[in-house]
Every structure is written in C-alpha cells, then in structure tokens.
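Here is a friendly briefing to read alongside the model. Have the viewer open and follow the topics in turn.

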Amino acid sequence: MSVKEVLRSHSSVRKYTGEQIPKETVIDLIETAQMAASSHFVQAYSVIWVTDEEKKQKLGELSKNEFQFKTAGASFLFCVDFKRLQMAGQKHGVEIVADSAENVLVGVADVAIFAQNFVIAAEAEGYGICYIGGARNNPAEISELFNLPDYVFPLFAMTIGKPTKRNETKPRLPVGAILHENSYDTEKYNELLDEYDSIMENYYASRSSNQKMSNWTKQMADYLIEQKRPYMKEFLASKGFNWK
C-alpha cells in the first residue's frame with residue numbers, strides 16, 4: 001500500500017496471532033521512528049521493550065489491558081525522557097531546567113510524533129498496533145516496575161503483532177469540524193456534530209462486532225464529565241516535573 005493508504009486504513013488491534021516479532025524488525029522500526037521531527041532536536045523519548053513475561057503480565061494488569069498483551073508479538077512502554085538530557089547538561093557543567101510546563105509539552109509531543117512514526121512503519125509491514133493510554137492508570141507502579149528514574153515518566157504502552165482480523169476503520173470527524181480558515185469558527189459545530197453523530201450511530205449499529213447504540217457527542221460528554229487521573233500532577237512532581 002501507499003503511505004496514504006496505510007494511514008487511511010488504521011484501526012486498533014487488540015487480538016494478535018501470538019507470532020513473535022524478530023529483534024531485527026523491532027530495531028528497524030525503532031530506527032525508522034527516530035527519523036521523526038523533534039522539538040529543538042532534544043529527542044526526549046525512550047522506549048522499554050518488554051520481553052520479560054512476568055513484567056509483561058504485570059504491565060497488562062497495571063494498565064488494565066491484560067488481554068491484548070497475551071497475544072501480542074511485541075510490547076512496549078513509551079516514555080518522556082529528560083534524564084538523558086540532564087546527563088548531557090552535566091557533561092558541560094550545566095544543570096538543565098526540565099521542571100517546566102513547556103518541557104512537559106515538548107516531551108509529550110516528541111514521544112507522540114516518534115510513536116506515530118513507529119506505528120506507520122509497523123502497519124506498512126503488515127502489523128497491527130494498539131496505543132494503551134492505560135499505562136497512566138498506575139504510573140508510579142509502572143515506573144517502579146521498569147526502574148524509571150527521575151525526569152522519566154510513562155506516557156503510554158503499545159502492543160504490536162500480526163492481527164487475527166482487521167477491524168473496520170472508525171469514521172473520523174468531518175473535515176469541516178477540524179479545519180478552520182483564517183479564524184476559529186464555533187457556529188458550524190451544531191450542524192456538523194449532528195451530522196457526525198448520525199454517522200457514528202450507523203457505524204456502531206452495523207460494525208461486525210461489539211455493536212451498540214451510541215454516538216460521539218454522548219461518548220465525549222460521558223467521558224469528560226469528570227476529571228481523569230487527578231493524581232497525574234502529583235506523580236509528575238515526584239518525577240521532577242513540579243512546575244508552578
């Protein structure tokens with residue numbers, strides 16, 4: 001497939017054949033991912049490749065995603081990493097300032113762009129993947145499990161492997177809902193969100209598995225009605241990111 005076809009065919013995969021991914025393939029995917037853009041070239045990311053079966057099982061439990069880890073061909077933990085940058089500064093007698101909201105944003109952006117390069121490379125090779133934000137369900141315990149030092153924190157996990165089946169591609173928001181020309185336009189949202197709700201209702205009712213009656217705005221209202229993971233600010237402070 002072309003790059004555009006790979007991008008347009010993405011869907012999350014949660015059940016794999018169990019076929020293990022060779023080390024040379026993992027290294028190749030990581031090297032490809034490293035060519036991603038990076039803010040000021042800080043490359044503020046590290047990846048834990050989880051090959052130990054006990055740690056893999058524990059990561060599944062802590063992220064509340066045990067099922068997919070059992071059949072994945074490879075499992076990873078993607079981390080924001082300023083420890084390496086701290087050590088780079090020390091080589092020149094400088095103590096870096098990682099403790100800022102800006103640097104957290106830089107690190108999160110770096111990891112996300114790097115990981116998406118990894119995903120595209122993997123899907124181009126015929127693999128399926130799933131991002132696992134559940135790694136933030138128990139970030140302190142996961143940090144301890146993988147010996148993450150200060151200035152390093154887990155952002156998400158990821159499973160990858162040969163899928164047992166391909167899920168339908170979930171319809172995205174209409175382009176008009178996310179593309180604004182010259183200035184932000186809120187007036188178009190009611191009509192476009194009604195349109196999208198109708199599309200999603202049809203999708204959920206007719207997809208090949210896990211049919212349900214729902215739409216996007218209802219899901220978002222239910223999801224965002226309360227604060228998620230309120231412990232994250234305190235956790236980040238414990239890792240050295242205690243900005244005011």
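A polar contact here is a pair of N or O atoms within 3.5 Å, where one must be able to donate a hydrogen and the other to accept it. With that in hand, the backbone oxygen of serine 63 lies 3.3 Å from a polar atom of the asparagine 137 side chain. Please keep in mind that this is a predicted model.

**Around asparagine 137**
- Asparagine 137 sits in the loop that runs between strand E3 (128-132) and helix H7.
- With a relative accessibility of 21%, asparagine 137 counts as partly exposed.
- Leaving aside residues up to four places away in sequence, asparagine 137 touches Leu62, Ser63, Lys64, Arg229 and Tyr231.
- One of these partners, arginine 229, has a side chain that makes a polar contact of 3.0 Å with the side chain of asparagine 137.
- Glutamine 219 is 82 residues from asparagine 137 in sequence, and their C-alpha atoms are 20 Å apart in space.

**Helix H3 and its ends**
- At the start of H3, the backbone nitrogen of glutamate 54 has a side-chain oxygen of aspartate 52 within 3.0 Å.
- Within H3 (residues 53-62), the buried residues are Lys56, Leu59, Gly60 and Leu62.
- An α-helix has 3.6 residues a turn, so residues three or four places apart point the same way.
- Just after H3 comes lysine 64, with a positive phi of about 60 degrees.

**Cysteines**
- How many disulfides does a search of the whole structure find? The search finds 0.
- Cysteine 79 is in no disulfide, and the nearest cysteine sulfur, in cysteine 130, is 17 Å away.

**A nonpolar surface patch**
- Val175, Ile178 and Leu179 make up a nonpolar patch on the surface, and together they have about 330 Å² of accessible area.
- Leucine 179 belongs to the loop between helix H8 (175-178) and helix H9 (189-206).
- Is leucine 179 buried or exposed? Leucine 179 is exposed, because its relative accessible area is 57% and the threshold for exposed is over 50%.

Definitions and conventions. Residues are numbered from 1 along each chain as its sequence is written. This is a predicted model: local features need pLDDT of at least 70, side-chain atom pairs count only at pLDDT 80 or more; totals for chains, interfaces and linings use all residues. Side-chain values use heavy atoms; hydrogens and water are left out. A disulfide is a pair of cysteine sulfur atoms within 2.5 Å. Patches are made of residues with over 30% relative accessible area and no salt bridge: like charges are joined within 9 Å, nonpolar side chains (Val, Leu, Ile, Met, Phe, Trp, Tyr) within 5 Å. Accessible areas come from the Shrake-Rupley method with a 1.4 Å probe; for residues, only the protein chains shown count as cover. A salt bridge is a side-chain nitrogen of Lys or Arg within 4 Å of a carboxyl oxygen of Asp or Glu. Helices (H or I, at least four residues) and strands (E, at least two) are DSSP runs, numbered from the N terminus. Buried means under 20% relative accessible area, exposed over 50%, partly exposed in between (1.4 Å probe, protein chains only). Contact means heavy atoms within 4.5 Å.
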